[in-house]
Amino acid sequence: MSRFTNHFVLHHKESSFINKIAPTAHIVAKTGFLFSLLMLAPAIVSLLYMDHVFPAFAFTAGISMSVCAVTWLLTMRYNRELRPRDGYTLVFMMWIGFALIASLPFYVYLPGLGFTNAYFEAISGLTTTGATILTSLDTLAPSLNFWRHMLNWLGGMGIIVLAVAVMPMLGVGGTQLFKAEIPGVNKDSKMAPRISETAKRLWSVYVLFTIITLLALRLAGMNWFDAVCHAMAAFSLGGFSTHDNSISYFNSIPIEIILSMATLLGAINFTNHFNALQKRSLSYYWRDEEVRVLLCVLFFSILGISLYLWWHSFYSFAEAFRYTSFNLISIGLANGYSNTDFAKWPLIASLWMFFLSNILSNGGSAGGGIKTVRAIVLFKFSLREMLLMLHPNAVSMVKINGSNIPDRRALTVMAFVFVYVITIILFSFALMISGLDFLSALTAAISCITNAGPGLGAVGPANSFAFLSDLQKWLCIVTMLLGRLEIFTVFILFTPAYWKK
């Protein structure tokens, strides 16, 4: 009797687990099938450039579409309306699965690369981290280079936001997916009554700004291929380049100005872009407290570091301003481009850029890190607590853009920042235990969780992540994913309460 009871309980648990996972797997299969179709773009590039990578794209697209189609059919009977909590599982499975599909062309065409390296490159592209393990980018097959930058572009706005835009035809509600992936504090804000319409509007702004960046880069002197790739990587804050020397390859001030502007726009809440375009007024940007803080901190940081480098005779003031402004905007806003080896600067200047990468990108933008709005909330609540210590009976409300911030939301911000900092510390220690020195481990953890790209030391802008061991690469992969999905979306899946009815 006891054996029968144990068997029944075990069977019930397995059935319950399948009933929870299978509906999610069904949706992942649908969207994975569509994602596989996106390989048509690099396949066309391969045919145009005759770089012999077309069979790799055709083979991997066929394999992934077949697997997705079979999974789609096998889980058909589990198709149901997903519960709100299922959104977290779905987002996590999509990112893991899409990165696997994206890694296959690298793995197939570059057999010496290995699965770990192929997956690292794919997840780095999709999370817009821009940390690469590939060398000789100047001679890499054009279609593979295009695929890397296309992954940046898809991941910048968010592959889930793209999925939400087409979810109605798949028969899936997108609200929970949208909330699980979109970064920021106020995840309930929408630009349209329907969440799918909001996703479409976000993508329309995204495409428009990418095209503008592309045309500007072409006019500044880039060839069409470089302009397309860098436009996709710049506005998405992806940081991939078609050249080993990154932007220093071009040695062009106009190109650096265009990329800096694209980076800055990519780090601003996309709702501001939409409103500014719709109302044809730039005032929407300055009305947003996040944007004002971003611009002020950037300006004074650029000015301060430029003066510091000039004072210490690293450059003339004009050169110091050029290199500081480009690299600080790029690293501080978690893009990852460089036009000089900033690892050779005084450590305080380089570390300040990595500090800013944690806080400068706005919520609802393509950037990573804590986000400016959370930093503002923490700062203002800290001031309020000091005021209440002096005047216990005072009534003080914290406001951002004229709206009151509830204490409950402030607690959520504090919890997120705490977990964020602990995550950086733990992964820095893990990388140090695995063999990295302190500076390399710390900046690698920061660059991965903020999706900023290069670090300092062994992972500086003059190097790549190729020399890392497989263990170190997987630690970085996990950190990238945690940073892109804002930690809680992943961590919540490992709590017992999430799997209870």
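# A tour by selection

Helix H18 (residues 407–433) gives the nonpolar patch its largest share, eight residues. Before you start clicking, note that this is a predicted model, where local features need pLDDT of at least 70, side-chain atom pairs count only at pLDDT 80 or more, and totals for chains, interfaces and linings use all residues. Residues are numbered from 1 along each chain as its sequence is written, and side-chain values use heavy atoms, with hydrogens and water left out. Helices are DSSP runs (H or I, at least four residues), numbered from the N terminus.

**Stop 1: the nonpolar patch**

Select Phe418, Val421, Ile422, Ile425, Leu426, Phe429, Met432, Ile433 and Phe438, and show their surface: together they make a nonpolar patch of about 900 Å². Patch members have over 30% relative accessible area and no salt bridge, and nonpolar side chains (Val, Leu, Ile, Met, Phe, Trp, Tyr) are joined within 5 Å. The areas come from the Shrake-Rupley method with a 1.4 Å probe, and for residues only the protein chains shown count as cover. Now pick out Phe429, which lies in helix H18. Phe429 has 48% relative accessibility and so counts as partly exposed; buried means under 20% relative accessible area, exposed over 50%, and partly exposed in between (1.4 Å probe, protein chains only).

**Stop 2: salt bridges**

Side chains of opposite charge can pair when their charged atoms come close. Here a salt bridge is a side-chain nitrogen of Lys or Arg within 4 Å of a carboxyl oxygen of Asp or Glu, and the structure has seven of them.

Select Glu289 and Lys380 to see one, with N to O at 2.7 Å. Because Glu289 lies in helix H14 (residues 289–311) and Lys380 in helix H17 (residues 372–390), the pair ties together parts that are 91 residues apart in sequence. Glu289 is buried at 13% relative accessibility, while Lys380 is partly exposed at 24%.

Next, show Lys371 and Glu486, whose closest N and O atoms are 3.3 Å apart in a salt bridge. This pair links distant parts of the chain, 115 residues apart: Lys371 is in the loop between helix H16 (347–356) and H17, and Glu486 is in the loop between helix H20 (470–484) and helix H21 (488–491). Both Lys371 and Glu486 are buried.

Glu385 is partly exposed, at 40% relative accessible area, but Arg384 is buried, at 12%.

**Stop 3: aromatic rings**

Rings of Phe, Tyr and Trp (its six-membered ring) pair if their centres lie within 6.5 Å; planes under 30 degrees apart count as stacked, over 60 as edge-to-face and the rest as tilted. By that rule there are 27 aromatic pairs. Zoom in on Phe35 and Phe98: their ring centres are 4.6 Å apart and their planes are at 0°, so the pair is stacked. Phe35 belongs to helix H1 (residues 2–37) and Phe98 to helix H4 (residues 86–109), so the pair ties together parts 63 residues apart in sequence. Phe35 and Phe98 are both buried.

Then select Trp153, Trp203, Tyr206, Phe209, Phe235 and Phe270, a cluster linked by ring pairs.

Two arginines are worth a look as well. The charged end of Arg148 sits over the ring of Phe240, 4.1 Å from its centre, and that of Arg287 sits over the ring of Tyr284, 4.6 Å from its centre. A charge sits over a ring if NZ of Lys or CZ of Arg is within 6 Å of the ring centre and within 35 degrees of the ring normal.

**Stop 4: cysteines**

How many disulfides does a search of the whole structure find? The search finds zero, a disulfide being a pair of cysteine sulfur atoms within 2.5 Å. Select Cys448 and Cys476: the sulfur of Cys476 is the nearest cysteine sulfur to Cys448, 3.9 Å away. Cys448 is buried, with a relative accessible area of 0%.

**Stop 5: positive phi**

Most residues other than glycine have a negative phi, and most peptide bonds are trans. Asn251 has a positive phi, near 45°. Find Asn251 in the loop between helix H10 (224–235) and helix H11 (253–266), where Asn251 is exposed at 56% relative accessible area. Finish at Ala334, with a positive phi of about 60°. Ala334 sits in the loop between helix H15 (317–332) and H16 and is buried, at 1% relative accessible area.

Technical notes:
Helices (H or I, at least four residues) and strands (E, at least two) are DSSP runs, numbered from the N terminus. Patches are made of residues with over 30% relative accessible area and no salt bridge: like charges are joined within 9 Å, nonpolar side chains (Val, Leu, Ile, Met, Phe, Trp, Tyr) within 5 Å.
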